[in-house]
Amino acid sequence: MSSLGRVVQACARCRRQKLKCDATRPCTLCLRANVECQPRQVLGKRKSVTGGHAHTRDNTLPHPLPREPSIAAFSTSEPSERDHQQRHRFDRERRTSEDVVHATSPTEGHQYGANSSVINFARHVARDHDLESPEMGSTIPGDAGEVRETSSAWRLQKIRLPSKDIMIQLVQAYFDRVHWFIFILHPSTFMAKADTVLSKSRWTRRDLPDVVVVLAVAAMGLKCVLHDSSWAGHAQLRDEGIIPETLLADLITETRINVLDVVDAGQIESVQVCLILGTYLIYSGSAHSAWSILSLAISSVYALALHCEVPSDDLDVAAQIRRRTWNHAVIADTFSSMIYGRPTSLDSAFARAQPLHEMDDTVIDGPLGLSGEAVLSSGHRSALSFHILRYKLYSINKHALSTFRLLRLGDVLSEDELESLVESVKEIEHLLAEWRKKLPTYLTMEHYDDGLEHNDPLQPRGSPGTIDEATRKLMLQAIVLQITYDSTVIFVRRPLIEHKVATKPSGSLTSAAYKYRQKSLSVAVDAALRISRLPLAELDNSLALSFLFMHFFTAGVILCIIPPTEPFSARSQESKAGVMRIIRASRVLGSNSKIGKHLDELLTALLSATIQRELNTALDPQTVMLNAEHLAQSSTLQNSDLVLSQTESSQPLIPGELSQDRIDEGLAPSPRDMSGIQDSSEISFSGQQPQQDYHSAMLSQLEDSNFQFDAHLDETFGAFGQVMFNLLPDDPYTPWNWGGSLR
């Protein structure tokens with residue numbers, strides 16, 4: 001029997017967790033915890049001399065962390081007969097390709113009082129007092145830390161899968177249409193997994209996580225090709241007598257049924273399944289369930305310690321998949337917080353990007369193996385640049401969310417609160433400017449212009465067949481970055497637009513802050529106009545289309561602020577044209593999108609009400625006087641323009657009664673009306689600021705007279721939020737209740 005005295009070299013796990021290892025291999029403590037016992041890798045020894053005696057000290061490099069329970073058992077007693085039996089069972093199971101799955105995760109660096117569990121605390125106390133301890137393979141009291149036998153048979157409950165060929169085509173559709181947007185998998189690795197899983201005649205519980213993640217991926221792929229008649233798989237579905245809509249519903253149902261079992265398996269597939277399912281539910285299902293599923297993804301991220309970096313080869317596929325999954329979890333958490341109006345689930349202290357490297361599914365021009373930052377600085381075209389820049393942009397959004405929450409602004413701002421808000425907005429806009437400097441040319445919309453002025457989101461960029469697939473996906477990424485950037489600009493400026501100021505400006509600093517606030521609406525409108533011109537048609541039959549629709553809605557609402565405040569001006573005409581572009585795009589492309597349909601319904605009603613309010617405002621004697629005074633002082637508009645803008649067209653400005661000519665023109669103002677207005681498409685990512693303060697003086701006076709330009713905005717935002725995200729009516733914490741504080 002081996003001695004349990006002090007050993008020359010403890011195993012890697014006992015060394016790392018400061019346990020009393022024995023000399024047997026596998027050691028008793030690893031046996032009791034049902035984990036693999038691994039020797040430490042010794043790089044060398046360093047001699048030190050103390051009191052004339054030479055001592056040696058091991059300089060070791062921790063082995064890549066094994067899959068093991070977060071809290072391990074330890075004991076100072078001799079191995080029992082039960083221990084020897086466990087040792088034989090352990091060796092047998094390790095030889096038979098692991099019939100047992102352990103709920104495992106890397107170990108986060110110990111921070112006293114911050115991340116120490118009650119079991120961990122007990123283990124440290126027992127160790128410090130050299131006491132014997134019962135087995136502690138659990139994480140919390142009540143958890144026996146038992147392993148899960150996975151050799152038992154397992155099968156699907158609600159669905160009979162189509163042929164393997166169809167399932168592989170659906171998985172491939174995911175990588176063709178979703179992978180560039182949701183970056184959590186590695187194509188060749190996952191395709192091999194799917195082929196293995198779908199080739200089996202029967203499954204065990206060990207296969208459950210792999211099977212369910214394949215179902216989720218196939219469901220998302222089918223959602224994207226459901227209404228695409230060019231997808232080759234439709235013919236095969238018809239041959240097998242499968243209705244695509246029924247198959248999609250069954251795939252989602254089966255995935256939902258097995259979510260908790262996947263989470264209980266304690267593998268990275270649990271996070272991937274929750275992220276995919278939660279994203280699907282946001283855009284196509286129950287948004288209330290989506291919030292819960294995405295929250296479950298974040299909990300699983302922490303349970304698996306994906307926020308901890310594991311020492312490994314940067315080019316190791318498993319390590320890159322782990323990092324991709326973590327980074328996208330941060331993006332999903334921030335995005336859901338923005339649309340639901342709730343705090344983020346991830347602690348900002350941990351929400352840092354993990355390094356990504358160029359691999360076979362991202363490289364276009366450059367060599368394999370470059371880090372993401374090296375790719376950005378090299379100028380090589382790469383699909384990886386988008387994901388790094390997108391993460392950085394969402395980090396700015398996350399910072400903005402935290403900043404605005406900490407300010408705790410009320411409905412009415414004092415002068416001090418206004419100054420604090422302005423300084424916060426300036427800081428965030430500085431971060432946006434720094435982000436924009438890192439944007440490579442191939443991820444800007446200007447790079448894909450063909451020399452024409454593009455004002456129609458239904459107009460494709462470039463002739464069909466002239467753009468290769470790699471370039472096309474880079475263009476799609478450029479569109480997503482553009483709309484995310486512009487939506488961030490609107491999001492950052494919205495508090496300044498939304499809040500009234502309690503008193504008149506007094507000091508010079510307050511006066512400057514007041515003027516900065518007055519320009520916020522103009523900046524937001526410029527961003528909304530850029531959004532309305534993005535080529536939405538390029539994203540037809542892709543997951544990102546619903547993502548863009550959500551931001552198109554916000555842009556349309558922002559543009560509806562202008563007509564009542566600047567009736568029949570050039571800026572008003574331009575804003576209405578932008579709303580019309582958004583509505584027409586939603587009608588053409590959104591027939592199969594829940595968000596697109598609702599966007600059309602609400603913005604059509606809002607535009608009708610806006611035009612009616614514009615007319616009422618223009619006919620109000622006080623408004624006419626204010627407008628005339630402003631026009632008299634303007635260097636770009638003449639006094640006659642107000643009359644001309646109302647009389648040049650005999651058609652009423654109501655959406656249902658617009659002539660086709662006016663629709664085709666996009667309600668565009670005359671060249672004379674536009675002479676003093678800079679085309680906002682020219683400042684896409686150029687960093688230029690608007691050259692004109694669009695009637696800010698008039699807006700200020702209208703505010704002072706309690707002009708309620710937002711009378712319909714709150715109802716529209718609230719209706720959208722309640723329908724899309726199942727929010728409570730008049731929920732004060734949701735961004736979709738925007739405008740209520742203005743009244």
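**Salt bridges and a helix pair in a predicted model**

The structure holds 18 salt bridges, a salt bridge being a side-chain nitrogen of Lys or Arg within 4 Å of a carboxyl oxygen of Asp or Glu. This is a predicted model, in which local features need pLDDT of at least 70 and side-chain atom pairs count only at pLDDT 80 or more, while totals for chains, interfaces and linings use all residues. Residues are numbered from 1 along each chain as its sequence is written, and side-chain values use heavy atoms, with hydrogens and water left out.

Colleague: Which residue forms a salt bridge with Arg 381?

Modeller: Arg 381 lies in the loop between α14 (372-378) and α15 (384-407), and its partner in the loop between α13 (317-340) and α14, so the pair ties together parts that are 16 residues apart in sequence; helices here are DSSP runs of H or I with at least four residues, numbered from the N terminus. Arg 381 has a relative accessible area of 23% and is partly exposed, the classes being buried under 20%, exposed over 50% and partly exposed in between, with a 1.4 Å probe and protein chains only. The partner, whose closest O atom is 2.9 Å from the closest N atom of Arg 381, is Asp 365.

Colleague: Is Asp 486 buried or exposed?

Modeller: Asp 486, in helix α17 (residues 469-498), is linked with Arg 530 in helix α18 (residues 508-532), 44 residues apart, and the closest N and O atoms of this salt bridge are 2.6 Å apart. Arg 530 counts as buried at 9% relative accessibility. Asp 486 has a relative accessible area of 0%, and is therefore buried.

Colleague: Which residue of helix α22 (residues 594-619) is linked with Arg 587?

Modeller: Arg 587 sits in helix α21 (residues 570-589), 13 residues from its partner, and the closest N and O atoms of the salt bridge are 2.9 Å apart. The partner is buried, with a relative accessible area of 16%, and is Asp 600.

Colleague: What is the handedness of the crossing of α7 and α9?

Modeller: Helix α7 (residues 208-225) and helix α9 (residues 244-257) pack at about 145°, with axes 9 Å apart, where axes are lines fitted to C-alpha atoms over the stretch in contact and angles run from 0 to 180 degrees between N-to-C directions. A crossing is left-handed if the near helix is turned anticlockwise from the far one by less than a right angle, and right-handed if clockwise. By that convention, the crossing of α7 and α9 is left-handed.

How values were computed
Helices (H or I, at least four residues) and strands (E, at least two) are DSSP runs, numbered from the N terminus.
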